[in-house]
Amino acid sequence: MTVRVLVEPDPITPDQLVAVARHGVGVGLSDDALRAIAASRKVIEDLASDPRAHYGISTGFGALATKHIPREKRAALQRSLIRSHAAGSGAEVETEVVRAMMLLRLSTMATGRTGVRPATAAAYAALLDAGLTPVVHEYGSLGCSGDLAPLAHVALVVTGEGEVRDREGRLRPAAEALPAHGIAPLELAEKEGLALINGTDGMLGMLVLALADLDRLLRTADVAAAMSVEALLGTDAVFAEDLQALRPHPGQAASAANLRLLLADSGVMASHREPNRCTRVQDAYSLRCSPQVHGAARDTVAHAKAVAARELASAIDNPVVTPDGRVVSNGNFHGAPVGYVLDFLAIAVADVAGISERRLDRLCDPARNHGLPPFLADDPGVDSGQMIAQYTAAGVVSELKRLAVPASVDCIPSSAMQEDHVSMGWHAARKLRRALDGLTRVLAVEVLTAARALDLRAPLAAAPATGSVRDAVRAAGVAGPGPDRYLAPEIEAVVGLIRDGSLLPAGLG
């Protein structure tokens, strides 16, 4: 793992963001970044002495942008901006999300386009390095002039106000925690308040983290599908490379290649491969079309990654210091590009979970599971087997359909109609995080059920790859077929295996 991420004027990478946000890797600022920051700060300081009003430097904000602020009141202006905008409410946002926000705001400062002082950027790096995470709340962002309230809660902490969680998760006042880690609270100067809260950092951070999760979850979906196709005596012929090439979507090709790899050398598949032993002309769509659905989700992820890469390369602030020394208002803080793909991903997540639940349901239904016991129960009637586990998955899928309703088509005007069109990108990101948790749980139930079904196909042998997944489930303390037992811990055990990547055989694309 990376020991420390050095923030440069160039964009940070998704891997660097995940390392800092999710794994607590420390952060520093490069000399080039400090020089770029100092150069743009000089532009702001020159304009601060100008008797003419300059937005964000010597004026109020938003609907109050026409009001000139005298120099002696500008420090108070910055304090008031951050205090008033730190108006979030609701549950605390996850540590990884807040750390992602902080790193992304620091990365924008490092471009030299915001006009903050080097000391302000250094304070953000120091917070990340010390493992101090500002308390940010669920509600407050409309996703237009940046994720204002969430970013203001972070900025409040660097001024010595608000609360933080330390590396051990303890809640502490910022006024106490900062000095304990050798960090001096800041008094913000001209322009800095705006520079710390105008950005898509919250929604972008959640997008990058979601994309990292989806790389794992979509490969896991292929694993679950392969296990179900095998256990249901389906055919792998439809996954042939030449058939897939007739519809050349890259995600579909990758998913089908995974299914071929996972089902290679399966004794179960071989047992019914010959025409005289095959009783079905074709499999149900939930089996046959798995690579088409999983592949479409992969292609959606590829599009979202392209948007995320462009956003990571952006310097978002308002006003912004241009390379030729102008300070110009703009609309680059609007979250529409990020909000759209967050909503698009939620649709794909719901559909991948939906096809997983349909395969799972077939495993449980004696009319469609080709010789397996009803609900895979040990003594049907006395035992219910996987009946209610399927209910759980179905309930999650129903929730995911609601979460797939786009947030970005909603708009609620604010700031006395100055901010009359907003992206709701933060809300799109929050619901996507919930959707990813739901997909994880649906896949866990399918894997759990398919592993049991493969055991019930004995003495026929599973493919080496799917058999290794079943063995990993068993090694995690989930027993094979037998009388009914407490299922919730078994589902949770498989959820853990999916989250840490333990169920992914080598070679999956």
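This is a predicted model: local features need pLDDT of at least 70, side-chain atom pairs count only at pLDDT 80 or more; totals for chains, interfaces and linings use all residues.
Hi everyone, let me start with a definition: when I say two residues are in contact, I mean they have heavy atoms within 4.5 Å. Residues are numbered from 1 along each chain as its sequence is written, and side-chain values use heavy atoms, with hydrogens and water left out.

Let's begin with Glu446. You'll find Glu446 in helix α17, residues 425-456; helices here are DSSP runs of H or I with at least four residues, strands are runs of E with at least two, and both are numbered from the N terminus. Is Glu446 buried or exposed? Glu446 counts as buried because its relative accessibility is 0%. For the cut-offs, buried means under 20% relative accessible area, exposed means over 50%, and partly exposed is in between, using a 1.4 Å probe and protein chains only.

So what is around Glu446? Setting aside neighbours within four places in sequence, Glu446 is in contact with Ala224, Ala225, Ser228, Ser356, Arg359 and Leu360. The Glu446 side chain makes a polar contact of 2.6 Å with the side chain of Ser228, and another of 2.6 Å with that of Ser356. A polar contact is a pair of N or O atoms within 3.5 Å; within protein, one must be able to donate a hydrogen and the other to accept it, and residues adjacent in sequence count only if both atoms are side-chain atoms.

Now for some backbone details. Most residues other than glycine have a negative phi, and most peptide bonds are trans. Here, though, the bond from Asn318 to Pro319 is cis, with omega near -5°, and Pro319 sits in the loop between α14 and β8. The bond from Ala458 to Pro459 is cis too, with omega near 15°, and Pro459 belongs to the loop between α17 and α18.

As for phi, Asp265 has a positive value near 65°. Asp265 is in the loop between α11 and α12 and is exposed, with a relative accessible area of 69%. His370 also has a positive phi, about 60°; this residue is in the loop between α15 and α16 and is partly exposed at 30%.

Last stop: an open sheet of 3 strands, ordered β4-β6-β7 with antiparallel pairing. Strands β4 and β7 stand at the edges with a single partner each, so one side of each has no neighbour in the sheet. Two strands pair if DSSP finds at least two bridges between them, and β6 and β7 are joined by 3.
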